[in-house]
Amino acid sequence: MKSEIIDRLHKENDLSDGELMALIENGEYDHELFQRADEVRREHYGTDVYLRGLIEFSNYCKNNCYYCGIRAENHRLERYRFGRDEILSCCRQGYELGFRTFVLQSGEDNYFSENVITEIVTAIKKEFTDCAVTLSIGEKSFDTYQTWFDAGADRYLLRHETANEDHYRKLHPENMSLENRKNCLWNLKKIGYQVGSGFLVGSPYQTTDNLIEDVRFLQELQPDMIGIGPFISHQNTPFKDFYNGDFSACLRLIAILRLMFPFALIPATTALGTINSEGRELGLQAGANIVMPNLSPVKYRKQYQLYDNKICTGEEAAECRMCLEKKVLSAGYAIVTTIGHVKR
């Protein structure tokens, strides 16, 4: 029965809710599912694994999401933000190491206005003409997104985290809106960005029905990139006593998403490697095809605390790059230093 479900998912890129539930709740390391997902990623991307150079340039955030370590009300966190020159320095180091995509990520920091980000994007694109710029800096207006796109930003990452309104309300304060989050994603697509979304696996109060709703939303959105990772608690949040997300369920969902979205760019996230020492390698073998080494200076790494015990906070960029390359090779794949656009 399971083999038949996987066959149909492979052929039709879809399943009924009941069939999805059966795969998600399987509760085991599903070699058959992972093998089929790996075959599909190899069909479209071979053994290529794309590098994305992550620059976590500010840990200030105006929001108070209950699961996030850089939430505004975490007063124990030492805050920092980079200037334009520091960001460009990270890009220069990354370029020398073979990176051709820079991912600028931060909390929703009002210091970085529309004009400030425009100047940063313009400077990066002027100096690195053969590189892509990805922004991951939260919910903004249509006009602001348009301005940044016109300045040269290529991609935008905005995980919806949960597509269910009731579940969303349990994860976020009243002043935040799932409707606005989704509207931002639709606006980004309308403008012409390569758009990334995704969700947490195993977040507090989450049900399998919620996860299926997340998958259905992604089917509507048809994003270019899909980032999922396990919920990992942080000691200075309201969810500090909740259990972390299930690693095997996360792998199964990566494989399901690969079969549903054969062309998607899917990262093997740092959170996977945090919750399991071989997490990123296993994520690649389940269908992922992106890794995101950190280009931020070491002195700031531990301060970008989305969750506890985050790995790679003590490695210089070159060390991080070499370490990941060895892990990727050990999993049976090869890092490529190209811009790494989605293939459709």
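A polar contact is taken here as a pair of N or O atoms within 3.5 Å, where within protein one must be able to donate a hydrogen and the other to accept it, and residues adjacent in sequence count only if both atoms are side-chain atoms. I am working on a predicted model, in which local features need pLDDT of at least 70 and side-chain atom pairs count only at pLDDT 80 or more, while totals for chains, interfaces and linings use all residues. Residues are numbered from 1 along each chain as its sequence is written, and side-chain values use heavy atoms, with hydrogens and water left out.

**Entry 1, helix H8**

Helices (H or I, at least four residues) and strands (E, at least two) are DSSP runs, numbered from the N terminus. I then checked the length of H8, residues 178-191: its 14 residues at 1.5 Å a residue should span 20 Å, and the end C-alpha atoms are 20 Å apart, which agrees; the expected span is 1.5 Å times one less than the number of residues.

Next I listed the buried residues of H8, and found Leu178, Arg181, Cys184, Leu185, Asn187, Leu188 and Ile191; buried means under 20% relative accessible area, exposed over 50%, and partly exposed in between (1.4 Å probe, protein chains only). Their cover includes helix H6 (142-151), strand S5 (155-157), H7, strand S6 (194-201) and helix H9 (208-221), with contact meaning heavy atoms within 4.5 Å. Just after H8, I noted that Gly192 takes a positive phi of about 120°.

I looked up Glu108 in the loop between strand S3 (101-106) and H5, and at 7% relative accessibility I count Glu108 as buried. A polar atom of the Glu108 side chain lies 3.0 Å from the backbone nitrogen of Glu139. Leaving out residues up to four places away in sequence, Glu108 touches Tyr60, Cys61, Lys62, Asn63, Ile137, Gly138, Glu139 and Arg181; Arg181 is also among the buried residues of H8.

Asp38, in helix H3 (residues 31-45), is buried as well, at 13% relative accessibility. I found a polar contact of 2.5 Å between the side chains of Asp38 and Tyr333, and, with residues up to four places away in sequence not counted, Asp38 touches Leu284, Gln285 and Tyr333.

For H4 (residues 84-96) and H5 (residues 114-127) I recorded a packing angle of about 30° and axes 10 Å apart. The two helices are therefore roughly parallel to each other, a label given to angles under 35 degrees. I also noted that their crossing is right-handed. The residues making the contact are Arg84, Ile87, Leu88, Cys91 and Arg92 of H4, with Glu119, Ile120, Ala123, Ile124 and Glu127 of H5.

Most residues other than glycine have a negative phi. I therefore set down Asn13, whose phi is near 55°, and which sits in the loop between helix H1 (2-12) and helix H2 (17-24); at 27% relative accessibility, Asn13 is partly exposed. Gln222, not a glycine either, has a positive phi of about 50°, lies in the loop between H9 and strand S7 (225-230), and is partly exposed at 35%.

Lastly I turned to Asp166 of helix H7 (residues 165-171), which counts as exposed at 58% relative accessibility. The C-alpha atoms of Asp166 and Asn210 are separated by 9.6 Å, with the two residues 44 apart along the chain.

Notes. Axes are lines fitted to C-alpha atoms, for helices over the stretch in contact, and angles run from 0 to 180 degrees between N-to-C directions. Angles under 35 degrees count as roughly parallel, over 145 as roughly antiparallel, 65 to 115 as roughly perpendicular and the rest as oblique. A crossing is left-handed if the near helix is turned anticlockwise from the far one by less than a right angle, and right-handed if clockwise.
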